[in-house]
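Student: I have the sequence and the model open. Can we walk through a few spots together?

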Amino acid sequence: ARRDVAARAQTAGSAVRIQATVIDDAFIAEIIHQPGEQASIKYLVHREGQEPEIAASVTVGAVTYMPPQTRLVDLGCLKLATAAEDYGDAGDLFRNVRFFIRSYVHLVDTKYLNIAAFYVMLSWVFDKFPIVPYLRLRGDIGVGKTTMIECVGSLCFRGIFAGGATTAAPIFRILDRFHGTLVLDEGDYNERSEIWGDMNKILNVGNRRGFPVLRAERKQQNEQFDTEAYDVYSPKIISTRHEFPDLALESRCLSHTMTKSGMPDSMPLFFDEDFHMGAQQIRNQLLRFRFQTYRGATADPRQRFRGLDARLNQILIPLLAITDDPAMHSEVLAHARRYQVQLRDGRRDSAEGKVAGALLDVWKRRPTFLKDGVEHRANEVQLKTVNERIEQKFSESERLKAKTVGKIVRGALGFETANRSGQVWIAIIQDDINRLIDEYALVDEDQVVVPVPSRLALQGHVSRTPVPREPVA
């Protein structure tokens, strides 16, 4: 901060901005680390057709831009390139990244190894896209999650390393300052804690551009509070032992469950100087990749991948935009489809999924009524019956309170309810049922229709004839 203030004083008469990336029509400037210098963070400025040049500042119009200075680089918490090195073509770079990860991380699933290598390359051009997925490693202790995220994060665009004990305040400030890849180890926050609430918000809004974290702050004592906006949009790599309690956050991730497996004797048990030198070289190659591909990186927002939810389509479009290789596309899509099955299983087991399943069961068993001599089924069910079905299906520890069920029906599931004769009725049609089956991977447990007592008032109609039980399918 003192260096930033001094820089402003030295450039009196012009506006000064401290910024990690400067993009103009004529050049792209990115911060790099120059070890041994007093102000060790400089700009590397790329102009089309020229070799990149190191600069202490760049000027656009009346604005002078200067790189942010920080000790995080010296402490190893922030990983930067030191130059822009040649790498061949994009295929060669992908293979370099993939080989480096494979040299230090034992992954049984080689398809996820490809996804991790793709993710590294995406991180270096992520800001060309309005949305970016997260890479998440899940598993018990001792399966190599930390090794994996440290290895991959060391290659990503401005890797910012943080542990699970880090609070939200420094996270959103560092992300706003450097716009790098957050590498978060042990991200299993206690969902009842204040830290989880703040981190959950940062992670939920941080995969999409245009949703900053807002804070009321004042610069000096006795000043009025003013609103500050912190941009937390960036790639993120997270390790956890369990699934996230928030399904929305879960759907933003490309996840992989790591298991214990025999590590080859040739693989190091910790990272040595060779690792850090190799990671530095690949970061330098990736910086040149950013310079050469940034302006041409595009994605079609109307692209669709068959069989995947809209959310997964969203996060895969930028990931697959960095390569035209059909084989690589097939591997990534195959993993995404497997992951979608896991997500839907998780939704089915959630509180919302339990209510949706009970609602489906009750709807399939809903009573009939006669109208103009024709038997019809009602387009509504009783909330009370849904609660009763939940009590039948689940043990006491898994049941939900009636008040909670009502909130889920009206909120997460989006149904309209009406009070009549002291009962709450849920309006529901076949399209609603189809939506629930798709969103929560529901399966009809049976085709039983219960007998209906005579003179049951329903939607203004009266069923005058008992309906016999239909056979179980």
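Student: Which residues line the second largest cavity?
Tutor: Glu30, Ile31, Lys79, Leu80, Ala81, Trp124, Phe157, Arg158 and Leu287 line the second largest cavity. A cavity is a set of points on a 1 Å grid over the protein atoms alone, where a 1.4 Å probe fits but cannot get out; lining residues have an atom within 4 Å of a point. This is a predicted model, where local features need pLDDT of at least 70 and side-chain atom pairs pLDDT 80 or more, while totals for chains, interfaces and linings use all residues. Residues are numbered from 1 along each chain, and side-chain values use heavy atoms, without hydrogens and water.

Student: What volume does the second largest cavity have?
Tutor: About 40 Å³. That volume is the space filled by probe spheres set on the grid points, which are joined across faces, edges and corners. The structure holds two cavities of 30 Å³ or more.

Student: How many nonpolar, polar and charged residues are in the lining?
Tutor: Six are nonpolar, none polar and three charged. Here Ala, Val, Leu, Ile, Met, Phe, Trp, Tyr, Cys and Pro count as nonpolar, Asp, Glu, Lys and Arg as charged, and the others, Gly among them, as polar.

Student: Glu30 and Arg158 are both in that lining. What do their side chains meet in?
Tutor: A salt bridge, at 2.4 Å from N to O. The term means a side-chain nitrogen of Lys or Arg within 4 Å of a carboxyl oxygen of Asp or Glu. Glu30 sits in strand 3 (residues 28-33), and Arg158 in the loop between helix 4 (145-153) and strand 10 (159-162). They are 128 residues apart. Helices (H or I, at least four residues) and strands (E, at least two) are DSSP runs, numbered from the N terminus.

Student: Is Glu30 buried or exposed?
Tutor: Buried, at 1% relative accessibility. Arg158 is buried too, at 3%. Buried means under 20% relative accessible area, exposed over 50%, and partly exposed in between, with a 1.4 Å probe and protein chains only.

Student: How many salt bridges does the whole structure have?
Tutor: The search finds 15. One of them joins Glu51 and Arg288, at 3.2 Å from N to O. Glu51 lies in the loop between strand 4 (41-46) and strand 5 (53-55) and Arg288 in helix 8 (residues 273-293), so the pair ties together parts 237 residues apart in sequence. Glu51 is exposed at 55%, whereas Arg288 is buried at 10%.

Student: Which residues do shared partners join into one network?
Tutor: Glu30, Asp127, Arg158 and Arg290, through salt bridges.

Student: New topic. Which residues of helix 13 are buried?
Tutor: In helix 13 (residues 402-410), they are Val405, Gly406, Ile408 and Val409. They cover an arc of only 165° around the axis, which puts them on the same side of the helix. The arc is that of the directions from the helix axis to the C-beta atoms.

Student: Why would residues three or four places apart point the same way?
Tutor: Because an α-helix has 3.6 residues a turn.

Student: And what is exposed on the other side of helix 13?
Tutor: Lys403 and Lys407. The cover over the buried residues includes helix 11 (351-364), helix 12 (383-393), strand 19 (417-420) and strand 20 (423-427).

Student: Last one. What is Arg344 in contact with?
Tutor: Leaving aside neighbours within four places in sequence, Arg344 contacts Asp309, Asp438, Glu439, Tyr440 and Ala441. Contact means heavy atoms within 4.5 Å. Arg344 is in helix 10 (residues 326-349) and is buried at 19%.

Terms used
1 Å grid on protein atoms, 1.4 Å probe; cavity = no way out; pocket = protein on both sides within 12 Å on 5 of 7 lines; lining within 4 Å.
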